[in-house]
Amino acid sequence: MTVLQVIDSREGFYGAENMVVSLAAGLRRHGVRSVVAAFKHGPGRCGLELLDAAASQGLTTEVLDCQGRWDYGTIIRLRKMFDKHEVAIVHSHNVKANLYSRLAARSRPIKTIGTCHTWSMETKKDWLVSAVDRFTLRSFHHVVVVSDKLLAQVSRFGVAAKRTTVIDNGVLQSWTPTNVPPLSAELGLGNRRLIGSVGRLVPEKGHRFLLEAFPGVLARVPDCVLVLAGDGPERSALESRARDLGIAGQVHFIGVRNDISNVLSSLDVFVMPSLVEGSPLALIEAMMAEKAIVASTVGAIPQMLQDRISGMLVPPRDVSSLSSAIITLLEQKEFSLTLARNAGRTGGERYSADRMAERYATVYRKLLRG
């Protein structure tokens, strides 16, 4: 069986991209061959970081050179890929990939499956994009969602329950926690304690609230530094906000990293202050890295972490609670270590790439049996 994994990867290698590579690599153990296709945006390798990661895992890759917002030629190119690789199933991820994959598969004996990673309703544009996705997914043979909350959403918007499955995300990376903090050495921070977050620098990730919480942390724990890994359209605004708050010297924007395991291994506390999430891969990575975690109560996060057992949960946008939780983990070392160990155990048991791949392989086989 060959499955074509299609994704629109516009902003770099983050959660959905990591999931696709982990899934495609994990499926090999279950007798499923994956070809990974990504849309190319602009000059150079924009949008293709995912394919580099996939190739490093020995996966077959394809480039979808889409010209503009609408390009009928992309449908033709997808159909050629179907024939070239003898594709039985096209599995798409994100709105653009879902739309083009569904159109390309029309009048072909190919099953369609789409994974809904998250829907943001923060702005009118977000709502319109999600509406297009909802309309497209209604005609798919099967839809996978990454959390019970998303299952309720897709059901409410007309996707039949019998064609929908909840499958937890998983990661391929095998984490080996280390006592050596390479990031501290790289940044010349000595023995200062590191608080960090990993993700796209976009409004829905809530980094502004983490910056606003950080002065309160510094007032109690002055020997700490905040590290933000990732890039995006909010970077300049966040850097300006750090200057306004008088904490620019204690905040390091380190951009997109290819060594997330090193970044996570260096952190004393991992923070996910998101306003919108599905089943975030960065959180799973932090759990598997056995990190003390503070995260907001959005999306599937409350099902992934138990408050004060495997992490600290706080309401989104609540600067005071965010600051207090970080301080607690920095000041109470034994409590912090207990939460980190529990997070690692949960991550390893529930969010492995192999477990995710096994469940997807089961869905694929059911689709092909009709």
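Phe39 and Tyr100 are both buried in this predicted model. Their rings form a tilted aromatic pair, with 5.7 Å centre to centre and 50° between the planes. The two residues are 61 residues apart and link distant parts of the chain, Phe39 lying in strand β2 and Tyr100 in helix α4 (residues 95-105).

**Aromatic rings**

- A pair of aromatic rings is described by two values, the distance of the centres and the angle of the planes.
- The search of the whole structure finds two aromatic pairs.
- Besides Phe39 and Tyr100, Tyr360 and Tyr364 form a pair: their planes stand at 45° with the ring centres 6.3 Å apart, so this pair is tilted.
- Tyr360 and Tyr364 are separated by about one helical turn, because they sit four residues apart in helix α15 (residues 353-368).
- Both Tyr360 and Tyr364 are buried.
- A charged residue also meets a ring: Arg208 lies over the face of Phe209, 4.3 Å from the ring centre.

**The seven-stranded sheet**

- Strands of a sheet pair through backbone hydrogen bonds, and the pairing is either parallel or antiparallel.
- Seven strands make up an open sheet with parallel pairing, in the order β3-β2-β1-β4-β5-β6-β7.
- Its edge strands, β3 (60-65) and β7 (164-166), each pair on one side only.
- On average, neighbouring strands of this sheet are turned by 20° against each other, direction ignored.
- Helix α2 (residues 49-56) packs on the sheet and touches β1 (2-7), β2 (33-40) and β3; the direction of helix α2 makes about 155° with that of β2.
- Helix α3 (residues 72-85) also packs on the sheet, where it touches β1, β2, β3 and β4 (89-93); the angle between the directions of helix α3 and β3 is about 160°.
- Strands β5 (residues 111-116) and β6 (residues 142-145) run parallel and are joined by four bridges.
- Cys116 has Val145 in β6 opposite it.

**Thr112 in strand β5**

- Thr112 belongs to strand β5.
- The relative accessible area of Thr112 is 0%, so this residue is buried.
- Apart from neighbours within four places in sequence, Thr112 is in contact with Val90, Arg102, Ala105, Ser139, Phe140, His141, His142 and Leu367.

**Nonpolar cores**

- The largest nonpolar core has 63 residues, and those touching the most other members are Phe270, Leu283, Ile293, Tyr360 and Tyr364.
- Helix α1 (residues 15-27) gives the largest share of this core, eight residues.
- Leu283 is in contact with Phe270, Met272, Ile293, Ile301, Met304 and Leu305, leaving aside neighbours within four places in sequence.

**Strand β12**

- Strand β12 (residues 292-296) is largely enclosed by the rest of the structure, because five of its five residues are buried.
- In a regular strand, side chains alternate between the two faces of the sheet.
- From β12, Ala292, Val294 and Ser296 point one way, while Ile293 and Ala295 point the other way.
- Four bridges connect β12 with strand β11 (residues 269-272), and the two run parallel.
- Val269 has Ala292 in β12 as its bridge partner.

Key: Residues numbered from 1 in each chain as written. Predicted model: local features only at pLDDT ≥ 70, side-chain atom pairs only at ≥ 80, totals over all residues. Heavy atoms only, no water. Pairing = 2+ DSSP bridges. Axes fitted to C-alpha atoms, helices over the stretch in contact; angles between N-to-C directions. Contact = heavy atoms within 4.5 Å. Core = buried A, V, L, I, M, F, W, Y, C linked by side-chain atoms within 4.5 Å. Buried < 20%, exposed > 50% of the residue type's maximum accessible area, 1.4 Å probe, protein only. Phe/Tyr/Trp six-rings, centres within 6.5 Å; stacked < 30°, edge-to-face > 60°. Lys NZ or Arg CZ within 6 Å of the ring centre and 35° of its normal.
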